[in-house]
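Subject: Structure handover

Hi,

Here is the structure I promised to pass on. Have a look at it first, and then read my notes below.

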Amino acid sequence: MNPFRKIANSLMNWWKGETAPEVSDSTELTGGVMTLNSPSFLESMGLSRRRKTTSEVTYFTCLKMLSETLAKMPIKYYQRTDKGIIEAEQTDTSRLLTKRPNPFMTPTVFWNTVEINRNHYGNAYVYMRKKFIRKKYGGEVKILDLWVMQSNCVQIVVDDAGIFAGKGRLWYVYTDPTSGSQYVFDTSEVMHFKTSFSFDGVTGLPVQQILRDTISGASASQRYMNSLYESGLTAKATLEYTGELNDKAKEALVKSFEDFGSGARNTGKIIPVPLGMKLTPLDIKLSDSQFFELKKYTALQIAAAFGVKPNQINDYSKSSYANSELQQLSFYVDTELFVIKQYEEEINYKMLTDEEQDDGFYYKYNEKVLFRTDSKTQMEYLKNGVSGSIMKPNEARRKLDLPDGEGGDTLLANGSIVPLTMAGAAYLKGASEPDETEKPEQPEETEPDTEQPDTDQPDETDEAEDEDEQEGGE
């Protein structure tokens with residue numbers, strides 16, 4: 001076919017959306033001219049173009065898991081006061097983290113992009129565009145918006161000679177990938193997040209560089225599986241024949257067999273073998289070479305380097321429901337806690353003024369969203385918190401997205417519970433005032449008998465009365 005016709009067809013198909021040709025990977029769009037990145041040129045030089053690490057499924061899953069975990073945690077603005085920690089009133093700077101970092105990104109998309117750059121390149125950079133606002137006496141520096149700088153376009157420069165504004169200071173040189181313009185930023189204008197693996201404490205090393213051989217081996221195993229599918233899961237074979245054939249005849253014979261027996265379209269078809277020839281397949285089973293066991297082990301190695309648990313890469317061979325819950329807690333403690341702490345330290349240091357820090361203001365990720373449970377467990381948690389005087393009823397209602405109730409801003413407590421300082425007070429009071437608490441038992445009063453038995457002897461009381469009357473008369 002005419003090469004210009006090929007170019008026209010490719011462009012027409014691309015315009016219709018049927019194909020998406022890559023200029024760097026195809027020579028058809030350049031009229032057969034090779035480029036330095038063309039696969040045909042690399043093959044002619046005895047080189048093979050390296051595949052992107054993100055094409056390896058385990059590597060991609062780990063990047064996705066870590067970035068989405070950080071992005072789903074909202075950032076809260078708090079203040080430490082004499083009465084405890086409270087949610088502070090929003091400011092223009094805090095709204096950049098909680099509402100909109102810049103006109104084009106939500107906080108979820110913003111922090112997801114930052115975390116992907118940090119894990120993939122080892123470092124992530126956020127540019128804080130600032131403006132000095134003049135006032136009558138002095139002024140203040142205000143952060144206008146936040147922008148993610150592509151990590152592969154940033155270079156850290158140490159000013160050893162003091163050329164810029166001080167010897168030994170760090171500067172960030174950013175090269176715009178669209179215009180090629182370069183910009184130099186001071187450390188106070190850039191938030192720098194790095195991986196946990198660093199030799200100098202300034203820059204972090206990416207996992208893809210540390211596990212280069214492991215990730216390339218996983219990519220090679222995937223390419224092998226793809227080639228098996230493309231060949232219809234048919235292995236190599238040997239062709240036995242009698243006689244001598246020149247190279248051209250050999251190529252024609254092999255091509256005829258490949259047209260009948262190779263490829264997914266020929267799966268299940270009968271291969272005609274000429275008389276005097278024998279076709280013997282070289283059957284190498286994947287189970288004999290423990291292919292899947294090695295592939296699984298490689299995936300676990302990559303996940304362990306990222307700090308991702310096996311159940312998060314869909315490996316439930318040694319997991320149960322309870323074990324998965326414990327793995328989620330272990331993922332937070334072993335992996336995310338370091339990441340969250342680093343982000344909080346950098347944000348609080350770079351985005352808060354010294355006065356705000358002295359007044360107790362700080363930013364904190366709400367990690368509780370990682371442990372959301374079912375409705376029954378959540379209701380039991382809130383019920384115990386309210387009855388245990390830990391949270392107010394309205395605070396529990398807000399967690400359920402319910403409006404405040406009347407009288408719900410006070411702590412509730414059980415009446416039988418007393419402060420620790422009053423423990424045993426009832427026993428001390430009883431010991432000091434026994435008359436009021438305990439009274440001796442009184443004998444029961446009985447009514448006197450009205451009927452007196454007739455007796456010949458006089459009553460002693462009557463005789464006493466007669467004597468009194470006589471004395472009185474005398």
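To follow one of the points below, you need to know what I call a helix: a DSSP run of type H or I with at least four residues, numbered from the N terminus. Please also keep in mind that this is a predicted model.

Let's start with that point. Glu-346 and Lys-350 both sit in helix H10, which covers residues 321–351. They are four residues apart, or about one turn of the helix. The two form a salt bridge, with 2.8 Å between the closest N and O atoms. Both Glu-346 and Lys-350 are buried.

How many salt bridges does the structure hold? There are twelve.

Another one to look up joins the side chains of Arg-129 and Asp-145, at 2.8 Å from N to O. This pair links distant parts of the chain: Arg-129 belongs to strand E3 (residues 123–134) and Asp-145 to strand E4 (residues 139–149), with the two 16 residues apart.

Lys-364 is partly exposed because its relative accessibility is 28%, while Glu-367, with a relative accessible area of 15%, is buried. Salt bridges also link Asp-92, Arg-95 and Lys-142 into a network.

Next, go to strand E8, residues 190–194. Five of its five residues are buried, so the strand is largely enclosed by the rest of the structure. Which way do the residues point? Val-190, His-192 and Lys-194 point one way from E8, and Met-191 and Phe-193 point the other way. E8 runs antiparallel to E3, and five bridges join the two strands.

Now for the rings. Searching the whole structure turns up 15 aromatic pairs. One of them is the stacked pair of Tyr-183 and Phe-185, with 6.4 Å from centre to centre and 10° between the planes. Tyr-183 is partly exposed, because its relative accessible area is 39%; Phe-185 has a relative accessibility of 11%, so it counts as buried. Elsewhere, ring pairs tie Phe-110, Trp-111, Phe-193, Tyr-343 and Tyr-365 into a cluster. Phe-193 is the residue you met in E8. There is also a charge over a ring: the charged end of Arg-80 sits over Tyr-362, 4.1 Å from the centre of the ring.

Last stop, helix H3, residues 57–71. From its first C-alpha to its last, this 15-residue helix reaches 21 Å, close to the 21 Å expected at 1.5 Å a residue. Which residues of H3 are buried? They are Thr-58, Tyr-59, Cys-62, Leu-63, Leu-66, Ser-67, Thr-69, Leu-70 and Ala-71.

Cheers

Note on methods
Residues are numbered from 1 along each chain as its sequence is written. This is a predicted model: local features need pLDDT of at least 70, side-chain atom pairs count only at pLDDT 80 or more; totals for chains, interfaces and linings use all residues. Side-chain values use heavy atoms; hydrogens and water are left out. The expected span of a helix is 1.5 Å times one less than its number of residues. Buried means under 20% relative accessible area, exposed over 50%, partly exposed in between (1.4 Å probe, protein chains only). A salt bridge is a side-chain nitrogen of Lys or Arg within 4 Å of a carboxyl oxygen of Asp or Glu. Two strands pair if DSSP finds at least two bridges between them. Rings of Phe, Tyr and Trp (its six-membered ring) pair if their centres lie within 6.5 Å; planes under 30 degrees apart count as stacked, over 60 as edge-to-face and the rest as tilted. A charge sits over a ring if NZ of Lys or CZ of Arg is within 6 Å of the ring centre and within 35 degrees of the ring normal.
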